[in-house]
Each structure stands twice: as C-alpha cells, then as structure tokens.
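Reader: I'm new to this one. Can you put it up and walk me through it?

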Amino acid sequence: MTTTADIHEPTFLAGDEFSIPTFRLLKQDGTLFDGARAPDLEHDKALAIYHAMVATRVLDERMLAAQRQGRLSFYMQCTGEEAAVVGATAALDDADMIMAQYREQGALVYRGFTFDEFMNQLFGNELDYGKGRQMPIHYGSRKLHYMTISSPLGTQIPQATGYAYGQKLAGDGKCTTVFFGEGAASEGDFHAALNMAAVHEVPVIFFCRNNGYAISTPSIEQFAADGVAPRAFGYRMHVIRVDGNDILAVYSATQEARRIAVENNKPVLIEAMSYRLAAHSSSDDPSGYRSKKEEEAWREKDPILRMQRWLIDLGWWNDDEEKALQESLRREVLETMKRAEKRPPPPLDSLVTDVYADVTPELQRQLDALKTHIRQYPDAYPKGARSLDPDVRAGDDVAAKGGE
Ligand SMILES: Cc1ncc(C[n+]2csc(CCOP(=O)(O)OP(=O)(O)O)c2C)c(N)n1
Ligand SMILES: [Mg+2]
C-alpha cells in the first residue's frame, strides 16, 4: 500500500489537479504536428491498415443499405471509428486475444475475416459459426483469436482480465485487448475488471472507444469527471488518452501499451477520443438527439481521409488506386452478400445438438414439438428452409413445399 504524508486540516481532493492530455501525431491535412514522430510503419503494413479501414467503411455502407432494403434484420456501423479499431489491432500480435463490444468489425477485417464469413453470420446461414442463433453482427473467430460478441454491455471486460491472467500463467508472451464504449465503462463490470487486472498484474489492454454517445445519451451526461481515463489512477494503472481519429497516434500508443502489458505484466487503459458518425444501429435515428452541424464538424475529422492524405504525401497512394479499391470492395460485398443469402439456414436439429454432450429428453421433446408446429403451419416459416429431416438436403425441403 502507498504511504502518504499526514495532514492536520480536513483537506479534500477532487482530482482537479489531474488533467489528461491527448496524444496526437497526425493533423487532418495529413502532415505531422511539429515535434511529432511517426511510428515505424513500413509501406505494406500501412497499406494493409488503410485497406482494412476502407473495407470496413464500404462493408458498413452496403450492409446498412441491405438492411434498409429489408434483406437484413439489423446492422451496426463502425463509421468514424475505423482508425481507433484498426490502428489498435494492427499494433498487436495477430495471436493476441481480442474481446470486442460490437462496433469493432474493423479488427476482424484487419485480421483477415473474409466478407463471406461476415455475410454468413449476418444472414445466419448454414455456414455461420454461431449456427444462426444470434442477431447479426455477433461475429466470432477462434482462428483469428476474436471472442464472439455478446450483447449485454460490459461482460467482456472482466472476461478479458481473466483471459489475460491465463495468458500470464501460460507465459506465452501474448496479451488480451478488450474494446468497449464509454457507455459500457459505466457498468460495474468495468471497475471489477480494472481492479482485478491491476491487483493480479495481468497483460490486458483496456481500450475505451469514447465516441461521444451511448445510443442517444451524450458523454457529457454520462459522467462528471474528465472522461474515462482518470479512473485508471484509482487502480494505479498506466493510462493514455489518444486522438482516436489519428491512425498514427492510436498505433503508436497501442504498440507501447502492448509492450508494457507483455514485458511488465501491467494492465493499461487507453481512452480513444472519437465520434460515432453513423446512427447507433440500424434501429436508431440520431436526428432526434443531435444536430447535423455537430455531425458535419466531425465529418471534417474523418480518420480515413486523414490517413489517405498522409499516404498520398508519402507517394504510397493515389486517386486511381483509391477508385479501384472502392470499386472492387463494393463488388465483392455485393457478390458475397448474394452468395450468403442463397445458402439455407443451419439444420433445425442443430438448435439442440450441441447444448449438452447428449441431447436431453426435454430438448428432444421441444424439438419434436417445433417440427410438428412447422409441419402444421408451413406458410409461417421461411421458404427455402432446410428439410425438417436432417438427412434430406435443401431443395427437397418439406416445409417449403407445403408440408408432408
Ligand atoms: C447491460 C446492458 N444494458 C443496456 C444495454 C442496451 N445498450 C446497447 S448499446 C448501449 C449503449 C452503449 O454505448 P457505448 O458503450 O458508449 O458504445 P457505443 O454504442 O457508443 O459504441 C446500450 C445502453 C445492453 N446491451 N446491455
Ligand atoms: Mg459510446
């Protein structure tokens, strides 16, 4: 425990003496601030980062449009926060664990999750790793060390501490990065996670995306303190606030955070200041709670444009390449979407086959009752659904033909 000096007057402190600066390297015009030094980012890696940011933006635009056309039930965009998410991921080892909230698809794009894999989850078809049991955007990939998304806010934060504790015990030189919004940081789980991580000295990076809103609640109405960063002091944890729209600053801060986490077994808190440029989700309409003027001011700080200008200045990118990239990504999104839409859903039996080692009699009874119901009311179920008999392939579908 820290010993402190005695005082003999009741003197209260409110933390006002702490003012947390924001780490910035890149100006919006693509040039560096005076005295700023760009991190070591070689040509291929810089372009891989840029490619992932643009791919995330294009995927988000097309999938929101698909939701509006009624092809998809739900979607969430990362728009405006691509630098924070992709920049952080690029600074990690590819085998480090990532536990995300739900707006971090850029991390998956960077690690190589294919558009086909995105689409299979979004449409809940037979190739979806989650077997169609979750809403769209609940991605996960064992291969890419990306824990499956779960909707209840904050649950992934203490899980990250636990996972990182396991990594420390294994001594494998890996760490865990957990992403969450400034809104989720108001959950009790956030505090439990930070305290446990600091006490047990585990290699975890707490990456807070402060994007200004928790659905319709602006961050100024969420906490009285100066954002989320000062909370680290309460747990005696390293902390940095970074401009989340500055790809170089995010990359550099996360690289250093990883070094502290892995070499010293110390947790680190990063607060990335950004803005959620799109609606909270496809079910939200921000015009009811914020002005176009505010959105426009942030559009001027677009992280993709900022990086693009830096790349063009270096001679690593040009307008023709930009146009070709945009076109090929759009085409790829549309092609993969069409493919995924056509695939049948997972077999009905998969609802119960891996809940327990063996299907329990009660689950079997429920499955049989469901099948009876589908046979009775085939028109109420999606056409093209697989046969109720797992041995019969789609096409020989019973429900789609109007029942047995
Ligand atoms: C425990 C819990 N409470 C409430 C919700 C509903 N909810 C979903 S997203 C959200 C806002 C989260 O805001 P933030 O953490 O800032 O993330 P952002 O959406 O801004 O990326 C809320 C309240 C939930 N999913 N889980
Ligand atoms: Mg938020």
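Predicted model: local features only at pLDDT ≥ 70, side-chain atom pairs only at ≥ 80, totals over all residues.

Reader: Okay. How do the residues of the shell around ligand 1 divide into those classes?

Author: The shell has 7 nonpolar, 5 polar and 4 charged residues.

Reader: Which residues come nearest to ligand 1?

Author: Leu-153, Gly-181, Gly-183, Ala-184 and Ala-214 come nearest, out of 16 residues around the ligand. Two elements give two or more residues to that shell: β3 (176-181) and β5 (213-214).

Reader: New topic. What does the domain assignment give?

Author: Domain 1 covers 22-341, and domain 2 covers 346-404. Their centres, taken over C-alpha atoms, are separated by 38 Å.

Reader: Now helices. At what angle do α1 and α10 pack?

Author: About 150°. Helix α1 spans residues 43-68 and helix α10 spans residues 303-314, with the axes 11 Å apart. The crossing is left-handed.

Reader: Which residues meet there?

Author: From α1, Ala-46, Tyr-50, Met-53, Val-54 and Arg-57. From α10, Ile-304, Met-307 and Leu-311. By class, that contact has 7 nonpolar residues, no polar ones and 1 charged.

Reader: What about α4 and α11, how do they pack?

Author: Helix α4 (residues 115-122) packs on helix α11 (residues 319-342) at about 45°, and their axes are 9 Å apart. Because of that angle, α4 is oblique to α11. This crossing is right-handed.

Reader: And what makes the contact?

Author: On α4, Phe-115, Asp-116, Met-119 and Asn-120. On α11, Glu-332, Val-333, Thr-336, Met-337, Arg-339 and Ala-340. The α4 contact with α11 divides into 5 nonpolar, 2 polar and 3 charged residues.

Reader: One more pair. Within what distance do the axes of α2 and α8 come?

Author: Within 8 Å. Helix α2 is residues 82-90, helix α8 is residues 247-264, and the axes cross at roughly 40°.

Reader: Why is α2 called oblique to α8?

Author: Because of the crossing angle of roughly 40°. Angles under 35 degrees would count as roughly parallel, and 65 to 115 as roughly perpendicular. The crossing of α2 and α8 is right-handed.

Reader: Which residues are in that contact?

Author: Ala-83, Ala-84, Gly-87, Ala-88 and Ala-90 come from α2. Ile-247, Val-250, Tyr-251 and Thr-254 come from α8. The classes are 7 nonpolar, 2 polar and no charged residues.

Notes
Residues numbered from 1 in each chain as written. Chains lettered and ligands numbered in written order. Axes fitted to C-alpha atoms, helices over the stretch in contact; angles between N-to-C directions. Helix = DSSP H or I, 4+ residues; strand = E, 2+ residues; numbered from the N terminus. Left-handed = near helix turned anticlockwise from the far one by under 90°. Contact = placed C-beta atoms within 7 Å. Nonpolar A, V, L, I, M, F, W, Y, C, P; charged D, E, K, R; others polar. Domains from an automatic or database assignment. Near = placed C-beta within 6 Å. Parallel < 35°, antiparallel > 145°, perpendicular 65-115°, else oblique.
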